Amino acid sequence: MATVTEEIHFGELSLDGQPSRDLITFESFELSAYNQRSLGPPHPKGTVIPLAMRPTLHSSSEITLDGVIATIESLQRQDNSLTKQLARHGTLLFRDLPIRNAEDFSRFAHAFGYKPHEIIGIVVDRPLLAPNVAPANEAPKDVLIYNHNESPQVPHAPEYVFFYGHRAPTQGGESPISSSLELFNRAQREIPEFIDELAEKGILSRVTYKVEQQFAGGSTLRQAFGKEFQPGDDEETKRRKVEAQIARYGRGEHTTWTWSKDDDGQTQLVLTHRLPAIRTQPGTNLPTLFTGLAAYWKRGQASSGARRNDTQQLFGDGTPIPDKYLEHLAKITDEIRVLHRWEKGDVLVFDNIVAQHGREPWQGEQSGRVVMASLFDGAAVPGAYGFGDWAQVVQAAE
């Protein structure tokens with residue numbers, strides 16, 4: 001694989017454009033073919049995923065986190081350099097940074113200048129570790145989390161996702177990376193009738209939330225919607241507060257819900273959104289397959305019971321999506337993805353509109369892999385692809 005340093009001149013980006021003997025710059029470097037590949041259409045030729053970078057210093061001085069943060073802030077202040085690279089490559093890898101813990105990671109992620117994201121209706125348990133930092137996913141180590149965009153099951157998803165590798169397993173635990181733009185391009189050519197149906201109908205995303213955790217690593221109803229719960233609230237009060245959180249989406253008839261009791265008499269909320277699985281990238285208007293459809297299908301093949309039924313994905317008219325299409329999406333994804341082998345201290349940054357991520361199982365102890373996540377909103381949400389008023393998503397109201 002040819003290096004991309006000369007092509008994009010990333011090493012020339014500097015602190016406020018001023019020369020300094022102690023200046024930190026970033027240079028791109030090559031990874032193995034297992035971990036990095038050249039993207040197919042519609043990406044420009046020679047574009048790799050992920051774009052791998054590491055800091056350099058124009059003196060013998062130590063590279064400090066303060067220096068890295070100042071450089072990141074300067075690059076973003078000049079012309080949103082890193083945001084532009086994310087839009088092109090989908091994923092950036094930063095290696096050899098002086099990041100040692102959740103607090104360091106939080107400072108680094110916030111340096112990009114994005115607004116912290118709040119997931120209304122989160123389906124996994126993410127306890128806070130530092131400002132806007134939480135575990136990436138607490139599911140058991142033998143669970144495959146297949147490629148997906150972050151939070152495709154809700155109307156307001158983050159635009160940027162940061163992952164920090166605090167501890168890496170010796171075997172397995174890689175993070176798959178693939179392009180949503182390339183996935184759409186391939187799917188449109190290979191299964192055009194499926195893309196036509198998605199464009200016409202969208203999808204119904206139906207998620208069941210319960211008072212108690214439904215599976216290891218999953219969220220509770222309170223974690224998903226209960227930020228305003230107070231001690232002493234009765235069930236009716238809690239329901240009103242949950243519904244007030246749902247109303248922040250502003251989706252009108254395209255978001256509906258029902259309250260009921262499950263077989264064990266436990267309160268459950270079934271929330272249904274009609275959403276676009278095809279969206280467009282701001283700036284280019286390129287269509288992107290923004291979805292977790294292949295991931296849900298993969299999970300359904302491997303599991304049963306509550307974990308299988310907590311989330312359903314249907315066509316927007318309520319009809320099932322044929323397995324042959326979901327299997328084909330997974331086939332394309334397997335052909336276009338790479339597997340990121342974590343090294344301690346690595347940071348992956350995803351443009352969530354452009355790139356998908358996941359998690360491979362690993363050997364050893366559950367604690368052998370510790371990856372933290374930080375989610376952010378961008379200046380714009382993905383655009384609509386199609387004519388239905390359900391096809392345009394917006395950021396949730398404050």
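Visitor: How many bridges pair strand β10 with β17, and in which sense do they pair?
Guide: Strand β10 (residues 175–179) pairs with β17 over three bridges, in the antiparallel sense. This is a predicted model, in which local features need pLDDT of at least 70, side-chain atom pairs count only at pLDDT 80 or more, and totals for chains, interfaces and linings use all residues. Residues are numbered from 1 along each chain as its sequence is written, and side-chain values use heavy atoms, with hydrogens and water left out.

Visitor: What counts as a pair, and as a strand or helix?
Guide: Two strands pair if DSSP finds at least two bridges between them. Helices (H or I, at least four residues) and strands (E, at least two) are DSSP runs, numbered from the N terminus.

Visitor: Which residue stands opposite Leu339 in β17?
Guide: That residue is Pro176.

Visitor: In what order do the strands of the open sheet run?
Guide: The order is β8-β19-β10-β17, four strands with antiparallel pairing. At the edges are β8 (145–148) and β17 (338–340); each has a single partner strand, so one side of each lacks a neighbour in the sheet.

Visitor: Which helix packs on the sheet?
Guide: Helix α5 (residues 180–190) does, touching β10 and β19 (355–359). Touching, or contact, means heavy atoms within 4.5 Å. The direction of α5 makes about 60° with that of β10. Axes are lines fitted to C-alpha atoms, for helices over the stretch in contact, and angles run from 0 to 180 degrees between N-to-C directions.

Visitor: Changing topic: at what angle do α9 and α11 pack?
Guide: Helix α9 (residues 293–302) and helix α11 (residues 323–336) pack at about 110°, with their axes 9 Å apart. They are therefore roughly perpendicular to each other, a term that covers 65 to 115 degrees. Among the residues that meet are Trp297 in α9 and Leu326 in α11.

Visitor: And Gly217, is it buried or exposed?
Guide: Gly217 is buried, with a relative accessible area of 8%. Buried means under 20% relative accessible area, with a 1.4 Å probe and protein chains only. Gly217 is in the loop between β11 (203–210) and α7 (221–225). Not counting residues up to four places away in sequence, Gly217 touches Val124, Asp125, Glu138 and Ala139.

Visitor: Lastly, how many residues has the largest nonpolar core?
Guide: The largest nonpolar core has 33 residues, and Ile72 and Phe94 are among those with the most contacts inside it. Such a core is a set of buried Ala, Val, Leu, Ile, Met, Phe, Trp, Tyr and Cys residues joined through side-chain atoms within 4.5 Å.

Methods: Buried < 20%, exposed > 50% of the residue type's maximum accessible area, 1.4 Å probe, protein only. Parallel < 35°, antiparallel > 145°, perpendicular 65-115°, else oblique.
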